[in-house]
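Subject: The structure we talked about

Hello,

Here is the structure I promised to pass on.

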Amino acid sequence: MVAGAATRPHYGGTLRVEMREAFETPEAMSPPAGFVLAAWEAGKRAVYTADENAAGGRPYLDSIEIQMGRPLSDQSTDLELGKADVVELGPNELRRQIAARKVWSSSPVRLMVLVFGPRVEDARVREALALAVDRGAIHSVLLQRQGEISGALLPQWLSGDAFLFTPAFDGARARSLVAALAAPARTISLAVSDASLRPIADRIALNARDAGLVVPVTAQRGTADVRLVEVRTASSDPAGALAETAAELGLAEPARADTPEALYNAERALLDGFRVIPLFHLPLVFGAGPRVRGGPGITRLGEWHFENLWVEGRP
Amino acid sequence: MIAAVKGWPAVLAALLFILPRYARSADDPAGAARELARRTAAFAGRGAPVAVAWRNAASLDSTAAGQARAAFETALEEAGVRVSGIAPAVEVEITLSENQSQYLMVEESRKGEERQVWIASWKRGAPPAAPAEGVALEKKLVWEQDEAILDVASSEAGLLVLSPARVALYTQVNGKWEASKSIALTPAKTVPRDPRGRLRINGKSFQAFLPGVACSGSTEPALEMECRAADEPWVLESGSRAMLLGNFAAARNYFDGRVTTQSGVRKTVPPFFSAASVEDQGRTWWVLAQVDGRSQIFDAAWQPAGLAAQWGSDIAGMDARCGGGQVLATRPADGGEPDALQAFAVSNQVATATTGAVDFPGPVTALWPSGGTSVLAVARDLRTGRYAAYLVTVVCGR
């Protein structure tokens, strides 16, 4: 007879979590609801313990131990070896088949987007790059079909109208726009500070070259003409999410939107002129080990929701 | 009459000019369809042929989508616009979409080079509840609500429902249950995350047990109740004859293992979530669904006598006309999955299934004996998030 068949939550135990980001101060990291900070090693490790007076009752877990700054591949290995309970998964890690691994996926809450700096004044350059990017190939190969191809700032599940911003891949039109440019205007530098996005930036540069643009990829954000960045949606209110996204991307504050149609018009206005080029809406994906119960441990927005988790047995 | 009909499009056209710039939410799909039809009519002009293509990208069923389409086309025709795919002056593509709170009817209209996008919306309702089904065990819906249900008991005055925050009495008026009175609970400590509670009815009086709290009250002449912080043992019944007192661990979701038998003997057993007794060969046995995940059988002296089948955390004992005492057990699944109940008989310390499983639309969050020959099971519907209490009985002869 095998023990561990109880379906009611167990109290006790430590949840071992790993993450790629490394925060220097506790304030920079959203604490898991229901837990209080007990130990902090800047950029390395954080320990949270259960709050006896947490709203909704004391969490089942005694504590959460978070290892920061762990590369995705190492996280996946630790999950496989039973050294971690919850890890982040990228497209490459998702490809690996790991027995008894549970996968928690949020709604698409990460917007991958190209953002032009003020130096690129000619809208034809911006439009040419928008038309040159082969999102389909990047989505299939580099992103392993995670998330959605999009030309919208807000994901479909949040606004309901993202399909109206279907992005165009039109190499001929892009070449025609570039052909009309003066030679110096055909070179634009692309910055990507997140190393995990580098393969996508390289692919965009290749697409741009096909259209006649010269796009050197750099890690130096300050001097670049255009940046490849990720912006996370943190609000489940469409109008609020649009305002937050616009602020993060340095766009003008969108017009007030009380109705879906007003929201559509506000989003359309932000995208006019190709100052930003939305590429993909991606989910946050986590892997959980076999001893983790009570999941999923994330909300639809990808926020940690560990207060209802419990662990079976010992690590 | 004819003049009135001819005049209607003119009135409609006039109304279009005084519509607000952005459409407000409609009440239903038909309202949204009419709203878009009005704007389409103004865009196309009277008598103009309009080609309409539809796409359902929402979770709406074909009936609702069909109703929206019919309402749109009727409203267009009433506005003097012809729906026709032959040489259309305006091409319309309507997409039924959705976000978290609303359904959207998105119209993209093209007249030559001119393109318009209009969006009408209506609120989403709650998804339909899952249909109930049963095979050998029979379940009957007793009560349903948004708030968690810890226990439900039937009294002479009506239905008593115990929730983490209150006890409520419902009485039947003209065949419908109506709230009679509700009394808030004042627990001594924070309610546990997996709250549990138990009601015991005795005529007009009742007791309510919650972690760290004991309440007593009456249902007549009106609902009254007093609660106090207490570490009193809960009364655990099984079927119509067996009884056990168990100490509940305050601020937790299990019994701490201190039990008192019907004969007054005190014992300490491993912590457990639930208990059920069975009669076998004239002897009483207890089965405990322990916190460690095992279902342990104990003899009359409370010595371990074997392990029952692999069950979930909740078990309850009941009498059945066929096969004697039965243990109803949840299944050993993750607490976030649909659950099921199955009846077992225990003979020679071996549990054997006596019925098929009866399914629930989510985890069983409470399971208590109810009147000796049935059990009360509460399940949380994973789709709606609502809690439903069912009376489950063993039906013989099927």
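Below is what I found, going from the contact between the chains to a few local details. Please keep in mind that this is a predicted model.

**Where the chains meet**

On the side of chain B, 42 residues are in contact with 36 residues of chain A. Three elements of chain B give two or more residues each to this side: β3 (90-98), β4 (102-111) and β5 (114-123). The most comes from β5(B), with four residues. Sorted by class, the side of chain B that touches chain A holds 19 nonpolar, 15 polar and eight charged residues.

**Helix α9 of chain A**

This helix is worth a look while you have the contact between the chains on screen. Helix α9 (residues 260-271) of chain A has 12 residues, so at 1.5 Å a residue it should span 16 Å; the C-alpha atoms at its ends are 17 Å apart, which agrees. Its buried residues are A:P260, A:E261, A:L263, A:Y264, A:A266, A:E267 and A:L270. The cover over them comes from both chains: it includes α5 (156-159) and α8 (238-249) of chain A, along with β4 and β5 of chain B. After α9(A) comes A:G273, with a positive phi near 90°.

**Domains of chain A**

The domain assignment divides chain A into domain 1 (14-101 + 289-311) and domain 2 (108-283). Their C-alpha centres lie 31 Å apart. Six residues of domain 1 of chain A and nine residues of domain 2 of chain A make up the contact. On the domain 1 side, these are three nonpolar, two polar and one charged.

**Nonpolar cores**

The largest nonpolar core has 78 residues, and A:A128, A:L129, A:A132, A:L190, A:L213 and B:M105 have the most contacts inside it. Helix α2 (residues 29-44) of chain B gives the largest share of this core, seven residues. Take A:L190 as an example: beyond its neighbours within four places in sequence, A:L190 is in contact with A:A201, A:I204, A:A205, A:V215, A:V217, A:A224, A:V226 and A:L228. Another core, apart from this one, has 74 residues, including B:V161, B:A168, B:V364 and B:A379.

**Chain B overall, and some local details**

Chain B has three helices and 30 strands, and 41% of its 398 residues count as buried.

Two cis peptide bonds are worth checking:
- A:G295 and A:P296 are joined with omega about 5°; A:P296 sits in the loop between β12 (292-293) and β13 (310-311) of chain A.
- B:E220 and B:P221 are joined with omega about 0°; B:P221 sits in the loop between β13 (213-218) and β14 (224-229) of chain B.

There are also non-glycine residues with positive phi. B:N174, at about 50°, lies in the loop between β9 (166-173) and β10 (176-184) of chain B. With 5 other C-beta atoms within 10 Å, B:N174 is exposed. B:W302, with phi near 65°, is in the loop between β21 (295-298) and β22 (304-307) of chain B. B:W302 has 16 C-beta neighbours inside 10 Å and therefore counts as partly exposed.

Best wishes

Key
Residues are numbered from 1 along each chain as its sequence is written. Chains are lettered from A and ligands numbered from 1 in the order in which they are written. This is a predicted model: local features need pLDDT of at least 70, side-chain atom pairs count only at pLDDT 80 or more; totals for chains, interfaces and linings use all residues. Two residues are in contact if their C-beta atoms, placed from the backbone, lie within 7 Å. Ala, Val, Leu, Ile, Met, Phe, Trp, Tyr, Cys and Pro count as nonpolar, Asp, Glu, Lys and Arg as charged, and the others, Gly among them, as polar. The expected span of a helix is 1.5 Å times one less than its number of residues. A residue is buried if 20 or more other C-beta atoms lie within 10 Å of its own, exposed if 12 or fewer, and partly exposed in between; C-beta atoms are placed from the backbone. Domain bounds come from an automatic or database domain assignment. A nonpolar core is a set of buried Ala, Val, Leu, Ile, Met, Phe, Trp, Tyr and Cys residues joined through C-beta atoms within 7 Å.
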